[in-house]
Amino acid sequence: RFCKLYLGVNSKSSNDACRAELGRLPLKIFVDKQIIKYYSHLSELDDNTIAKQALEISKSLNALNKKCFKSYYNSLLEKYNYNGNTISSKTTTHKIYNKMKEHYLLFWKNKIGNSTKLEFFRTQNPNYNQAKYLSSVKQFMFRQALTKLRISSHSLMIETGRYHSPKIPKELRLCKLCQQSKVENEEHFLFECEMYSVMRRDFLAKCNNKIKSFKNILDFQTLLDSDDEFIHVEIAKFIYYLNDRRNNALA
């Protein structure tokens, strides 16, 4: 919820896309890491401490196949293919933590890869890194417009058509603002639609010294992956005003 609040997107936006846009891992990974560290800490305590005695009770419960702290700890070691009984070094804990991240990222890539909703997002953030524009675009309304487009939390027909009743087939979610008879997806919106040709020309003229190419999705991704804050801001403004023009035309 915090990620979505920060990004300015609605509650139905993809959890996987929102976390990736900020480069944030699920909290469960950090919780599991703390559990492993805490078990190591308990194991090294004196036997007469209350905490160590509680651990011994948990071991006894685990031996009886009861769900307890020890059984959950064992399940973590098994899940991440660690064969030792206890973890006593920071290095080993860090290795398991890295395995947790690798395990999640494989799951995430598979989920994103199979999502029809996040086809555009796959081209924008394939490596689970915090997007650079989030720190360079200071004005919330411009940053929000860019985020919504990237994670498909927008009002283009490619997205809203899936919620119609009955659902509009993907190939029939056409742009209502031009005569090209093309699906109104992110690529059409940014690079093709005749409605925004003047705005597109003005944007390119303004950025002429910095942008050599802005013709397809790969150009868009490359520009946002750069360290040029001016370009980040101008792209965010461009998308914001495209949305504004679209909304007025459809009103």
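In helix α5 (residues 69–79), the buried residues are K70, S71, Y73, L76 and L77, where buried means under 20% relative accessible area, exposed over 50%, and partly exposed in between (1.4 Å probe, protein chains only). Helices are DSSP runs of H or I with at least four residues, numbered from the N terminus. The model is predicted: local features need pLDDT of at least 70, side-chain atom pairs count only at pLDDT 80 or more, and totals for chains, interfaces and linings use all residues. Residues are numbered from 1 along each chain as its sequence is written, and side-chain values use heavy atoms, with hydrogens and water left out.

**Helix α3**
- I29, D32, I35, I36, Y39, S40 and L42 are the buried residues of α3.
- These residues lie on the same side of α3 because they cover an arc of only 165° around the axis, the arc being that of the directions from the helix axis to the C-beta atoms.
- The buried residues of α3 pack against α4, α5 and α6, contact meaning heavy atoms within 4.5 Å.

**Surface near the start of the chain numbering**
- Helix α1 (residues 2–7) contains F2.
- F2 is exposed, as its relative accessible area is 63%.

Terms used. Helices (H or I, at least four residues) and strands (E, at least two) are DSSP runs, numbered from the N terminus.
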